[in-house]
Amino acid sequence: MYPNPNFPSHREQAGAIPRVTHTTPMTRDLVYDHRAQQAAMPVLLHHSDSSTDESVLILTPSEMQLYAIQIERAIKIREDYRAGLRNLPRDDL
């Protein structure tokens, strides 16, 4: 049985193992490896005990394309709200 990420494990409740709560991109350049055909994006892992660790998010070419489209869409929606083109808050993403 796989652990449920929404509930801390017995060991974590005892304070032994902090879990990752979320990940944020770091303000560093993404690196593309043409031989491996993948990109490495530096990220910061945030733990339940407020500590952080640096890591990388590895992206395939299809993932890069998908996320580029999704991020571009989110930017457009944000611009529309700021310009008053969207008045009612709703789940556009």
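Among contacts between residues at least 6 apart in sequence, what percentage join residues at least 24 apart? Please take the largest pocket from there, with its lining and the elements that supply it.

Guide: This is a predicted model, and in it 22% of the contacts between residues at least 6 apart in sequence join residues at least 24 apart. The protein has 2 helices and 4 strands, which follow one another along the sequence in the pattern α-β-β-β-β-α.

Turning to the part you asked about, the largest pocket holds about 170 Å³ of space, and the residues that line it are L30, M41, L57, L59, M64, Y67, A68, Q70 and I71. By class, this lining comprises 8 nonpolar residues and 1 polar residue, with no charged residues. Two elements, β4 (52-59) and α2 (61-82), each supply at least two residues of the lining, and α2 gives the most, with 5 residues.

The strand β4 also has a partner, for β3 (residues 38-47) runs antiparallel to β4 and is joined to it by 8 bridges; within this pairing, V43 has S55 of β4 as its bridge partner. The hairpin formed by β3 and β4 has 4 residues between the strands, and in this hairpin S50 takes a positive phi near 75 degrees.

Technical notes. Residues numbered from 1 in each chain as written. Predicted model: local features only at pLDDT ≥ 70, side-chain atom pairs only at ≥ 80, totals over all residues. Heavy atoms only, no water. 1 Å grid on protein atoms, 1.4 Å probe; cavity = no way out; pocket = protein on both sides within 12 Å on 5 of 7 lines; lining within 4 Å. Points joined across faces, edges and corners; volume = space filled by probe spheres on them. Nonpolar A, V, L, I, M, F, W, Y, C, P; charged D, E, K, R; others polar. Pairing = 2+ DSSP bridges. Contact = heavy atoms within 4.5 Å.
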